[in-house]
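Student: I am new to this structure. Please take me closely through one part of it, the packing of a pair of helices. Then show me what lies around that part and beyond it.

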There are 2 protein chains.
Amino acid sequence: MTVAALKAEIARRFGTPAVVVDLDVVERNVARIQAMCDAAGVANRPHVKTHKSPAVAAMQRAAGARGLTCQKIGEAEVMADAGFDDILITYNILGEQKLGRLGALLSRAKMTVAADSPTVVAGLPEAARIGGRDLDVVVECDTGRKRAGVETVAEAVALAKDIASRPGLSFAGFMLYPPEDRMAETQRFLDEALAGVREAGLDARIISTGGTPNLANLGAIKGATEHRAGTYIYNDRMMMRAGLATEADCALTVYATVVSRAAPDRGILDSGSKTLTSDTGGGLDGHGLILEHPQAKIARFAEEHGFLDLSACNDRPQIGDVVRIVPNHVCVVVNMVDSFVAVRGDEIVGEWPVAARGRLT
Amino acid sequence: MTVAALKAEIARRFGTPAVVVDLDVVERNVARIQAMCDAAGVANRPHVKTHKSPAVAAMQRAAGARGLTCQKIGEAEVMADAGFDDILITYNILGEQKLGRLGALLSRAKMTVAADSPTVVAGLPEAARIGGRDLDVVVECDTGRKRAGVETVAEAVALAKDIASRPGLSFAGFMLYPPEDRMAETQRFLDEALAGVREAGLDARIISTGGTPNLANLGAIKGATEHRAGTYIYNDRMMMRAGLATEADCALTVYATVVSRAAPDRGILDSGSKTLTSDTGGGLDGHGLILEHPQAKIARFAEEHGFLDLSACNDRPQIGDVVRIVPNHVCVVVNMVDSFVAVRGDEIVGEWPVAARGRLT
């Protein structure tokens with residue numbers, strides 16, 4: 001099949017907008033990043049937030065990934081249901097409802113969670129009690145991102161001791177998500193935190209680093225035992241801008257139809273903010289890259305309208321044309337859909353569920 | 001129950017983030033806008049894109065709404081399945097797959113669709129053929145929004161004639177979505193277009209205006225027969241900024257938990273861009289209004305993190321606190337969830353499905 005025939009077939013069978021993933025590209029991305037982790041001597045613990053799919057996670061596991069990363073209990077439940085038994089939740093788990101679910105997960109899978117405050121740590125023994133076994137806890141450390149995570153070595157060490165002192169909890173190590181330009185500061189923080197916990201007689205078995213952009217820094221943090229990356233599985237315009245992916249590495253595209261050309265220099269796509277999302281990818285120009293018309297700009301959105309600025313475009317799309325869009329930020333686009341069309345090259349191979357989408361909690 | 005008890009109960013039963021809708025507020029919004037339409041002498045044809053729920057649409061119908069507006073075939077299918085039999089799709093329908101589905105809808109409901117080009121009109125007779133009866137078509141006119149819609153009166157009249165000349169199509173009138181500050185220009189466009197079609201022996205039975213902001217202009221367009229508004233059902237920060245809603249008119253809030261307070265002047269909510277979306281509501285400051293802490297700013301997002309800037313906040317939330325957020329743009333937030341928690345005041349009354357969510361096409 002040609003690309004033109006594939007586009008016609010997808011429009012005919014599924015309609016547009018359609019989220020389409022090329023599994024051949026996924027497999028190449030999986031193999032490349034696994035090889036990078038292997039070469040750096042760190043375990044690969046991919047983040048499922050990007051794909052939310054046990055079937056895609058199975059491809060990562062088959063290539064050598066050790067365990068998975070989830071951002072919420074609901075994602076972990078879907079992965080545990082699919083038989084994954086080593087899951088790190090990189091999030092503070094709080095509240096009776098979630099601690100109960102974490103306990104239920106722990107009774108059937110090896111679970112590790114992050115914590116960045118005594119309040120969070122104080123709740124976790126209840127999950128261990130429900131789970132009937134020890135819960136591994138890593139201390140989340142913030143070395144400049146200003147998100148979650150303790151900001152000082154003293155807090156990190158104190159929290160490690162706090163964890164170790166609680167019934168049912170095991171201090172497992174440190175979780176980092178360093179800004180890409182703060183490797184030296186992160187190393188210093190880690191070294192001091194490690195010295196602090198060792199002085200207290202504790203052992204950090206896990207030093208977990210994260211982020212697809214930080215794949216460029218694999219091996220830069222001495223002592224790191226594993227890396228968590230999510231976006232690399234599909235890639236997007238953000239990763240292209242960061243120099244971490246080419247167009248050929250972008251596995252996911254949104255197929256959209258030009259539905260209006262009310263004036264010569266503009267048009268409307270049937271993909272708006274309810275499909276591509278308003279995520280600018282940190283200030284990218286336009287709301288996606290149209291592969292067929294790279295000079296066309298998706299200038300703004302209504303909910304179901306993508307406003308095309310064609311003024312810089314010599315070859316302009318016509319009403320009814322189907323185009324393929326690389327989104328700014330692929331993770332949030334996957335999160336919009338219950339399933340995607342799986343292709344290999346120009347052949348449709350099926351419709352794959354995004355099983356953990358909608359698991360809000 | 002108190003608000004505090006309701007928040008605790010929602011966190012305990014559903015976890016956070018949770019999308020919560022107060023049906024008492026919905027009923028007040030429904031009654032108020034129906035009364036405005038009645039007073040202006042225009043039919044109320046609410047847009048379901050905001051709620052995507054047949055149960056909420058039934059509340060609008062019970063109050064006097066005549067027919068519904070949908071933005072895509074999938075929404076119309078869900079509403080037709082629920083027994084709604086007068087549906088306007090305010091969108092250009094293109095391609096074999098969608099024309100087939102439109103035909104199937106036409107066989108069981110009175111359908112009207114919009115068109116803004118001869119290409120779109122040329123496809124529609126196939127839907128009428130499949131449906132086995134005439135399809136009503138309105139000409140979408142653009143009077144300044146630069147979205148879809150013909151830009152000139154001459155195009156509008158020519159397209160009306162084109163529709164009238166096609167087998168199975170009936171020219172039904174004009175669809176407008178005027179910018180709020182262009183009522184005079186819109187009236188002039190409409191008057192000239194009406195004169196043009198009458199000269200051609202055609203009758204415009206429907207003059208449809210749209211937009212919740214244009215509820216302030218109800219009655220301003222002479223000849224309008226109906227109005228389409230969506231957002232008013234729940235309201236949001238955009239509607240508050242426009243002076244069309246107060247905090248008390250906002251029926252939907254996102255319940256979120258403070259999961260981190262790593263520094264005194266900041267914190268993290270468990271609601272990020274995968275819940276509240278990156279929609280800025282046209283340049284609003286911050287990503288939502290926190291009812292308990294209006295001085296707190298949701299400054300930015302990660303996918304599951306809302307970054308709280310608490311520097312202007314005297315009363316600062318603690319880890320574990322549940323807060324209620326009025327989103328910037330409610331339509332895109334509803335689109336993130338498969339269901340919402342329905343409350344009346346401080347009482348939980350059930351979990352309602354967002355039945356048409358995920359109907360991407």
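Tutor: Start in chain A, with helix H2 (residues 23-40) and helix H3 (residues 54-62). Their axes come within 9 Å and cross at roughly 40°. Keep in mind that this is a predicted model. Is that angle parallel or oblique? An angle under 35 degrees would count as roughly parallel, and one of 65 to 115 as roughly perpendicular. H2(A) and H3(A) are therefore oblique to each other. Their crossing has a hand too: it is right-handed.

Now look at the residues in the contact. H2(A) brings Val26(A), Glu27(A) and Val30(A). H3(A) answers with Val56(A), Met59(A) and Gln60(A). Sort them by class. The contact of H2(A) with H3(A) holds four nonpolar residues, one polar residue and one charged residue.

Stay on H3 for a moment. Pro54(A) belongs to helix H3 of chain A. Is Pro54(A) buried or exposed? A residue needs 20 or more other C-beta atoms within 10 Å to count as buried. Pro54(A) has 21 such neighbours inside 10 Å, so it is buried. Which residues does it touch? Leave aside those up to four places away in sequence, and Pro54(A) touches Val78(A), Met79(A), Ala82(A) and Ala355(A). Now take Leu105(A), 51 residues from Pro54(A) along the chain. The C-alpha atoms of Pro54(A) and Leu105(A) are separated by 16 Å.

Pro17(A) sits in the loop between helix H1 (3-14) and strand E1 (18-22) of chain A. Find the bond that joins Thr16(A) to Pro17(A). This peptide bond is cis, with omega at about 0°. Most peptide bonds are trans, and most residues other than glycine have a negative phi. Asn235(A) lies in the loop between strand E9 (226-228) and helix H9 (237-241) of chain A. Asn235(A) is buried, because 26 C-beta neighbours lie inside 10 Å.

Now cross to chain B. In the loop between H1 and strand E1 (18-22) of chain B you find Pro17(B). The peptide bond from Thr16(B) to Pro17(B) is cis, with omega near 0°. For a positive phi in chain B, turn to Thr277(B). Its phi is about 65°, although Thr277(B) is not a glycine. Thr277(B) is in the loop between E11 and strand E12 (289-290) of chain B. Thr277(B) is buried, because 28 other C-beta atoms lie within 10 Å.

Gly41(B) gives you a contrast in exposure. The loop that holds Gly41(B) runs between helix H2 (23-40) and strand E2 (43-44) of chain B. Gly41(B) has 10 other C-beta atoms within 10 Å, so it is exposed.

Helix H7 (residues 153-165) and helix H8 (residues 183-199) of chain B pack at about 35°, with axes 9 Å apart. H7(B) passes H8(B) in a right-handed crossing. From H7(B) come Val153(B), Ala156(B), Val157(B) and Ala160(B). From H8(B) come Phe189(B), Glu192(B), Ala193(B), Gly196(B) and Val197(B). By class, the contact of H7(B) with H8(B) has seven nonpolar, one polar and one charged residues.

In all, 55 residues of chain B are in contact with 55 residues of chain A. Among the elements that give two or more residues to this side of chain B are helix H1 (3-14), strand E4 (86-92) and helix H5 (96-106). E10(B) gives the most, with six residues. The residues on this side of chain B divide into 17 nonpolar, 21 polar and 17 charged.

How are the copies related? A rotation of 180°, with 0.0 Å of shift along its axis, superposes chain B on chain A at an RMSD of 0.0 Å. The two copies are therefore related as by a two-fold rotation axis. In chain B, the C-alpha nearest that axis belongs to Ser278(B), 2.6 Å from it. The same surface serves both copies, as 100% of the contact residues of chain B recur in chain A.

How values were computed: Residues numbered from 1 in each chain as written. Chains lettered and ligands numbered in written order. Predicted model: local features only at pLDDT ≥ 70, side-chain atom pairs only at ≥ 80, totals over all residues. Contact = placed C-beta atoms within 7 Å. Helix = DSSP H or I, 4+ residues; strand = E, 2+ residues; numbered from the N terminus. Nonpolar A, V, L, I, M, F, W, Y, C, P; charged D, E, K, R; others polar. Axes fitted to C-alpha atoms, helices over the stretch in contact; angles between N-to-C directions. Parallel < 35°, antiparallel > 145°, perpendicular 65-115°, else oblique. Left-handed = near helix turned anticlockwise from the far one by under 90°. Buried ≥ 20, exposed ≤ 12 C-beta atoms within 10 Å, placed from the backbone. Least-squares fit on C-alpha atoms with pLDDT ≥ 70 in both.
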